[in-house]
Amino acid sequence: MAASSTATVEFRSVSFRIGRNLILDDLSFIIEPGETLVLLGRSGSGKTTALKMVNGLVLPSSGEVLVDGRATAAWDLIQLRRGIGYVIQEVGLFPHFTIGANVGLVPKLLEWPPERIAARTTELLEQVGLDPGQFLNRKPRELSGGQRQRVGVARALAADPRLLLFDEPFGALDPVTRLELQDQFLALRKSLHKTSIFVTHDVREALRLGTRIALLDRGKLEILATPEEFLKSRTPQTRAFLDVLKMDVLKMDVLDR
Amino acid sequence: MNRPGLLREILQHTSEHFVLVLISIAIALAIGIPAGILLTRRPMLRTGVLGFANVMQTVPSLALFGFLIPIPLIGGIGKRTAIVALVLYALLPILRNTLVGILSVEPAVRESAIAMGMTGRQLLQQVELPLAARTILAGVRVATVTTIGTATIAAAIGGGGLGEFIFRGIASVDTTQILAGAVPAALLALISDGGIGWIEKRFSAV
């Protein structure tokens, strides 16, 4: 896999239902290489389900999700997933593995030689701001929430995936740590240029991190817009989200950018 | 009664007892752990299989040994029948703890493992079994200790072991004989409990 390879993702009339409940309703959009698409929505809007369709944790009831032009249903899911980094709110580090083993897991699954895994693990911990000498041999329970999430990000980046998926990764962190990790996300994006899909219910986070924002409402795509367009749009749903910003100084930041 | 003769007999029955328990637990492990793993993958089967194992536990042991005697192939008088009965008793704690241990692995950990591209086998071997090991071992410990006790009844159907002393002692109202069976059985149970408990604790290093 080339070091700078990055993916295109396309949703083609994707619907998903559980019984008679329509979770996703005819979603269609394309995510261009290198962009960060934020899936924004309230709880139950279907944003997490949409994300899980990209790495085949959920398969569409109808329509198809294409990664690099091939439908997830046609991919060997194991191969597909090993090329996609995945970061979730609960982090999901393996409690019985050291930090080093957690970060090096996908390279190990891909049967990299041990020296290469060790070098990569050290490099990644440095990249996410954790001192390898201090953290490499610790267990996840010895780390704070913010540190664990940094390890989660390092783990997702380990095998140089062509695509990164984030499911409310910073949702459980305190506001200051969240801001730090958002900054780090932006810095990583600048250096790595990877296609990313980022799920959040926080409109501030969406405006800060997204190159485009897809607002989902009850399984439907309400609007797909750049942060600037999003701030100007006046649909009832975007208004509801933008009301959150009304008293917010951060709004100035975004408007200035 | 001459002492050296009794001592030799105690040693012989203790080792017989130990082997009986060892074989039964080994078979119960070979059935219980894979069956427990299968049940984590097939929720539909859970009620039925756990129900069967539960019912086996509630049958009084002496009655179960009795029931098995007339059954062809597994029944009859002797060690084989005793082992079948002991396996049936040991099965439930091992099966149930394997199931519970695997099901209590954090959903986020399992989801991460799948999302990172682990195969079903890798998920089981590298994540689920190591994280469930403590719970499974706790089940093995319970199964072993109860089997050591229940195995004394094997003597009633010619299975040998420390029960020989106990039944003989009861028949002849001889306390020495009863103690010659009960004390080594209790010691065996305590040692196994401590030993498996020690292994169990070594898995707490999560």
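This is a predicted model: local features need pLDDT of at least 70, side-chain atom pairs count only at pLDDT 80 or more; totals for chains, interfaces and linings use all residues.
Local features here need pLDDT of at least 70 and side-chain atom pairs count only at pLDDT 80 or more, while totals for chains, interfaces and linings use all residues. Residues are numbered from 1 along each chain as its sequence is written, chains are lettered from A and ligands numbered from 1 in the order in which they are written, and side-chain values use heavy atoms, with hydrogens and water left out.

Visitor: What is the bridge partner of Leu66(A) in β5(A)?

Guide: Strand β4 of chain A covers residues 62-67, and β4 and β5(A) pair in the antiparallel sense over 2 bridges. The partner of Leu66(A) in β5(A) is Ala71(A).

Visitor: How many residues of strand β8 of chain A are buried?

Guide: Buried means under 20% relative accessible area, exposed over 50%, and partly exposed in between (1.4 Å probe, protein chains only). Thr195(A), Ile197(A) and Val199(A) point one way from β8(A), and Ser196(A), Phe198(A) and Thr200(A) point the other way. Strand β8 (residues 195-200) is largely enclosed by the rest of the structure, because the buried count is 6 of the 6 residues.

Visitor: Which residue of β8(A) stands opposite Leu165(A)?

Guide: Strand β3 (residues 36-41) of chain A pairs with β8(A) in the parallel sense over 5 bridges, and there Val38(A) stands opposite Phe198(A). Strand β7 (residues 163-167) of chain A also pairs with β8(A) in the parallel sense over 5 bridges. In β8(A), the residue opposite Leu165(A) is Ile197(A).

Visitor: How many residues apart in sequence are the parts tied together by Arg162(A) and Asp68(A)?

Guide: A salt bridge is a side-chain nitrogen of Lys or Arg within 4 Å of a carboxyl oxygen of Asp or Glu, and Arg162(A) and Asp68(A) form one at 3.6 Å, N to O. Arg162(A) lies in the loop between α7 (145-157) and β7 of chain A, and Asp68(A) in the loop between β4 and β5 of chain A, so the pair ties together parts whose separation in sequence is 94 residues.

Visitor: Is Glu180(A) buried, partly exposed or exposed?

Guide: The side chains of Glu180(A) and Arg150(A) meet in a salt bridge (3.1 Å, N to O). Arg150(A), at 14% relative accessibility, counts as buried. Glu180(A) has a relative accessible area of 42%, so Glu180(A) is partly exposed.

Visitor: What is the accessible area of the nonpolar patch that includes Leu190(B)?

Guide: Patches are made of residues with over 30% relative accessible area and no salt bridge, with like charges joined within 9 Å and nonpolar side chains (Val, Leu, Ile, Met, Phe, Trp, Tyr) within 5 Å. Leu190(B), in helix α8 (residues 175-202) of chain B, is exposed, with a relative accessible area of 59%. Areas come from the Shrake-Rupley method with a 1.4 Å probe, and for residues only the protein chains shown count as cover. Together, Leu179(B), Val183(B), Leu187(B), Leu190(B) and Ile191(B) have an accessible area of about 500 Å².

How values were computed:
Two strands pair if DSSP finds at least two bridges between them. Helices (H or I, at least four residues) and strands (E, at least two) are DSSP runs, numbered from the N terminus.
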